[in-house]
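Welcome! Take a moment to turn the view around before reading on.

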Amino acid sequence: MERLLNMSRELDKIQTNLSKLAWVQYTVGYDFGIEEAHKKVNEFMQDKKNYELVLEYKEKSLDPINKRRAEIAYNYIKPYHLSNELNELNLKIKKKTNELSMVLNTFRFKLDGKEVSSVELTQILSNEENRELRKKAYFARNQINKSLIDAGFIDLINLRKEYALLYGDKDFVEHKLKLNELSPTIFDGWKDELKLHIDKLNNKRKEYAERFLNCDEMMPWDEDYILAKIAPAQNSTVYMSNYYEVLRKFFLKFGVDLDKFNITYDIFSRKNKSEWGYNFPIQNGVDSRILANVKNKYHEYGVLLHETGHGIHSFLLDPEEILLNDGVSGIISEGIANLFGGFLYDEMFYKNFFDNSVEKEFKEIGEFKKLNYLRFIGNIFFDHELYRNDIKSLDDIYDLYFNLYKDLFGDKPFEEEPPFAYRIHYTTHPIYMHNYFMGDVTCEMLRKVFCQKHGIKSISEKPMEFGEFLISDVIKVSGLYKYEELFKRISGEEFSLKWYLE
Ligand SMILES: [Zn+2]
């Protein structure tokens, strides 16, 4: 196996460099040669010698772990050895994605002609009593739609469609799912399962609209406001300069010491810095970096908990196991990250800031957020629609959007243009958002399986044991099995939304 491992180490070096360059681009806005670095990855992948080496191992009769290692290597190198045309298309796609991602990172929204940050828009959506102003802030986010289309978003979609067909897959959605070792049929039952819960969702939204808005419909620009009303404490101003100690103490309860890990945090806003939150898994078990934009609000700890969850996942993997680590499903990473993010409303974390008087509101908001998160399936399916329909203009995209949201949730179309392009995933991480939702399904499953095994109601009753369970039953084996296989190993059942909905 040594030669294959050496090859993977070499590739890891090139990818680590690329990841570091991306970190610089996202944190300070400079491009120190990302395209060049992408080219290096491409050259490596296209190298016939590397491909032959992988094929040699793939043909060998190996033990299951080595077989899995060879399979993972084969999965990532194979696409580069099908045809020159595919390779050229792939390079074009990466180039276009990089261009558009620069547009996304440097674009600034305006409100009444004045520049306004995404964080400020979010704050208006949460705190503004005037519904019209909230609506205005919500639709300010559609300003980037046209800029992105002008920069070539539809071309990018078409390039991806072309790539998938040339590859021999039915469409780009199926193509991406296969690359990520997921069954192309994984979403088949979702619409029907969702339908069973849509009345509950819409009735709850109606109930909150009546309680907080004196009307009977909750619109997208009311959601954050209502969440803020349900649990005002989550918008409390907290002192965040000591965030690291807060996080360190929290993770120690699970037996995980952040001081042993090399996690870099860049959490306060600046000009030319991406306005979102990310974890850059620069090199598993060696270097992990977290980008966020916090403004001293309690709920922003949710992002820090989530991204730190990614960080500890990376450091609990064996850095020598480069191949198996490449086989870890994005769903498992997001599941672990969301699991820790969810502690925002748990006493185990909130007691750093509040007494028990917040218990009721945090329980209520936790439950409503979970129910309302079903609407996130809209984003996932909208992403699919982009690749399954013919798109010529921005209006075509809006039609798809409105039809889908009507079909899934019974929404009426807006008079204004729906904000969509601000969500970077459509550009930079297509067919990826299911990782978050399925991650949540996974974390519900983990919670239920663990609690049942220990006869307890909440993880917080046995955090040390939970830490051990997470490390031994999930993280350590997360590269060894494909997602659906791992899910079944842990839960004893097939993946289904049922774990989330029931
Ligand atoms: Zn994440």
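## A hairpin in the sheet

Let's begin with a pair of residues: glutamine 283 has aspartate 287, in strand 5, as its bridge partner. This is a predicted model, so keep that in mind as you explore. Strand 4 (residues 278–283) and strand 5 run antiparallel and are joined by four bridges. Three residues lie between these two strands in the hairpin, and glycine 285 takes a positive phi there, near 75°.

Strand 5 has another neighbour to look at. Strand 3 (residues 263–268) runs parallel to strand 5, and five bridges join the two. Here you can find phenylalanine 268 opposite valine 294 of strand 5. Is strand 5 (residues 287–294) mostly covered or uncovered? It is mostly covered, with seven of its eight residues buried.

How many helices and strands are in the chain? There are 25 helices and five strands.

After helix 11 comes asparagine 214, and its phi is positive, near 55°.

## The nonpolar cores

Now look inside. The largest nonpolar core holds 99 residues, and the members that touch the most others are Leu125, Leu304, Ile332, Ile365 and Ala421. Helix 22 (residues 434–454) gives this core its largest share, eight residues. There is also a second, separate core of twelve residues, among them Leu4, Leu11, Val54 and Ile77.

Which residues does isoleucine 332 touch, leaving out those up to four places away in sequence? The residues are Thr442, Val474, Ser478, Tyr483 and Leu486.

## The whole chain

Stepping back, the domain assignment gives domain 1 (1–81) and domain 2 (108–234 + 325–502). Notice that domain 2 is written as two stretches of the chain. The C-alpha centres of domain 1 and domain 2 are 30 Å apart.

Along the principal axes, the C-alpha atoms of the chain fill a box of roughly 70 × 55 × 45 Å. The radius of gyration of the chain is 23 Å, which agrees with the value near 23 Å that a compact globule of 502 residues would have. Of these 502 residues, 35% count as buried. Among contacts in the chain with a separation of 6 or more, 74% are between residues 24 or more positions apart.

Notes: Residues are numbered from 1 along each chain as its sequence is written. This is a predicted model: local features need pLDDT of at least 70, side-chain atom pairs count only at pLDDT 80 or more; totals for chains, interfaces and linings use all residues. A residue is buried if 20 or more other C-beta atoms lie within 10 Å of its own, exposed if 12 or fewer, and partly exposed in between; C-beta atoms are placed from the backbone. Two strands pair if DSSP finds at least two bridges between them. Domain bounds come from an automatic or database domain assignment. The radius of gyration is taken over C-alpha atoms; the globule rule is 2.2 Å times the number of residues to the power 0.38. Two residues are in contact if their C-beta atoms, placed from the backbone, lie within 7 Å. A nonpolar core is a set of buried Ala, Val, Leu, Ile, Met, Phe, Trp, Tyr and Cys residues joined through C-beta atoms within 7 Å.
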